[in-house]
Amino acid sequence: MKYFGTDGFRGEANVDLNVVHAYKVGRFLGWYYGQEHKAKVVIGKDTRRSSYMFEDALCSGLTASGADVYLLHVTPTPSVSYVVRTEQFDCGIMISASHNPYYDNGLKVINGNGHKMEAEVEEKIETYIDNEKDNLPFATRENIGCTVDYAIGRHRYIGYLMSLATRSFKNVRVGLDCANGSSYSVAKGVFDALGAKTYAIGMNPDGTNINENCGSTHIENLQEYVKANNLDVGFAFDGDADRCLAVDDQGNVIDGDAILYLCGCYLKEKGELNNNTVVTTIMSNMGLYKAFDKVGISYEKTAVGDKFVNANMMEFGHSLGGEQSGHIIFSKYAVTGDGVLTALMLMEVMLEKKEKLSELRKGLKIYPQVLKNVRVEDKPAARQDEDVVSELKKVEDELGQEGRILLRESGTEPVIRVMVEAETEELCEQYVDRLIEVLNKKGHVVE
């Protein structure tokens, strides 16, 4: 795929992804879904300055092809999935680059079932984008589409989230870091309505401060905030709020692996862990698997990306899956990762068990892990280099059963990710640096 990666069409705004691209994506989708009826498309966006520009470009393309467009405005990615799925839209588009800096942006296209768009449709969009001649018909007269303010769709999503809580959050002191992103319009309202004493940061988006020293990519802010305000728990979201990381009462990070452990054990106790299985990715920590073995929970390992986790869950009917980064899917309630939903599920575990997260996670011992991103000229060439493969094998042999090394291409950036888990952080650093040294020597690294 030339434009679409594991998480949509993403790049620096007006450099890698420009308004013409967005217009053409809109043109194609409006035509594609409007061949037999008038297409209905719903759009959400995060707080980046360029999101407004891309929203206008998409609307122009969609309405020019005859589609009616419904605008959710600033809203989490999972809300677009929810609205598409429950209100019979042909497709949805979320304008966001998730956890990336403000100057990046992206178009996540969501199919009528609320899942990420099928690869074959994305390929058709790419063919149209690269076709110099616009061969799609324009709508005329009464067939031209219109745009509709659809903030009510976001409100229905908020109501749905609130309906999932099984008990009051009264007297629970909760910290939220909304990353100056999409969740600022949703999360605090939900927790306030459920009775929590809510403290929120990352609530002042200005178009350029999304994810800037805040949110799930800068969890240290929430750690300090939870400790300084003596809170019971904290939740940090990324820019488009499809991820959640937590902080326990002692200020320790509860990452995606720990969330899978806590929720997996809880669902197993309740008899709601379908197939007694949790779906993980190859990036999950060895400690998670050892903890699952101890409590008798089975697990699957997929490629990195929540779409692979979701595909496995759909195929086999599993109820829980996710990534270390905080993309967690509860298939009973949603078909995508949902940060605010994940926070609500963790609140349920805490309140039902009447224990703090710091107590509940004691059965999980996480192995030290070091991950370094290496910017390279050619990802496949770097990963498949004979000397790199040879060094990788040497490290694997040296680590044996007490660790592992992973070398993989990023799906969204021109980088190779080198990750090592071992008994000590020093060992992790040593093995990661050994592999990076080989990549450097062979001329793959871009400074």
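Mentor: Before we start, a helix here is a DSSP run of H or I with at least four residues, a strand is a run of E with at least two, and both are numbered from the N terminus.

Trainee: Thanks! What kind of model is this?

Mentor: This is a predicted model, in which local features need pLDDT of at least 70 and side-chain atom pairs count only at pLDDT 80 or more, while totals for chains, interfaces and linings use all residues. Residues are numbered from 1 along each chain as its sequence is written, and side-chain values use heavy atoms, with hydrogens and water left out.

Trainee: Let's do rings. How many aromatic pairs are there?

Mentor: The search of the whole structure finds 17 aromatic pairs. Rings of Phe, Tyr and Trp (its six-membered ring) pair if their centres lie within 6.5 Å; planes under 30 degrees apart are stacked, over 60 edge-to-face, and the rest tilted. Among the pairs is Phe28 with Tyr32, stacked at 5.5 Å centre to centre with 20° between the planes.

Trainee: Where do Phe28 and Tyr32 sit in helix α1?

Mentor: They are four residues apart in α1 (residues 19-33), so about one helical turn separates them. An α-helix has 3.6 residues a turn, so residues three or four places apart point the same way.

Trainee: And is Phe28 buried or exposed?

Mentor: Buried, at 5% relative accessibility. Tyr32 is partly exposed at 24%. The cut-offs are under 20% relative accessible area for buried, over 50% for exposed and in between for partly exposed (1.4 Å probe, protein chains only). Another stacked pair is Phe292 and Tyr299, 6.2 Å centre to centre and 25° between the planes. There, Phe292 is buried at 0%, and Tyr299 is partly exposed at 29%.

Trainee: What lies over the face of Phe138?

Mentor: Arg27 does, 3.9 Å from the ring centre. For that label, NZ of Lys or CZ of Arg must be within 6 Å of the ring centre and within 35 degrees of the ring normal. Lys301 lies over the face of Tyr289 too, at 4.2 Å from the ring centre.

Trainee: Back to α1. What caps its N-terminal end?

Mentor: That's Asn18, with a side-chain oxygen 2.9 Å from the backbone nitrogen of Val20. A polar contact is a pair of N or O atoms within 3.5 Å; within protein, one must be able to donate a hydrogen and the other to accept it, and residues adjacent in sequence count only if both atoms are side-chain atoms.

Trainee: What covers the buried residues of α1?

Mentor: The cover includes β2 (8-12), α2, β5, β6 and α4 (119-130), where contact means heavy atoms within 4.5 Å. The buried residues themselves include His21, Lys24 and Arg27.

Trainee: How many residues does α2 have?

Mentor: Helix α2 (residues 49-64) has 16, and reaches 24 Å from its first C-alpha to its last, close to the 22 Å expected. The expected span is 1.5 Å times one less than the number of residues. Just after α2, Gly66 takes a positive phi of about 100°.

Trainee: Which loop holds Asn211?

Mentor: The loop between β9 (197-201) and α7 (220-228). Asn211 is not a glycine, yet has a positive phi of about 65°, and it is buried at 6%. Asn230, also not a glycine, has a positive phi of about 50°. Asn230 lies in the loop between α7 and β10 (233-237) and is exposed at 61%.
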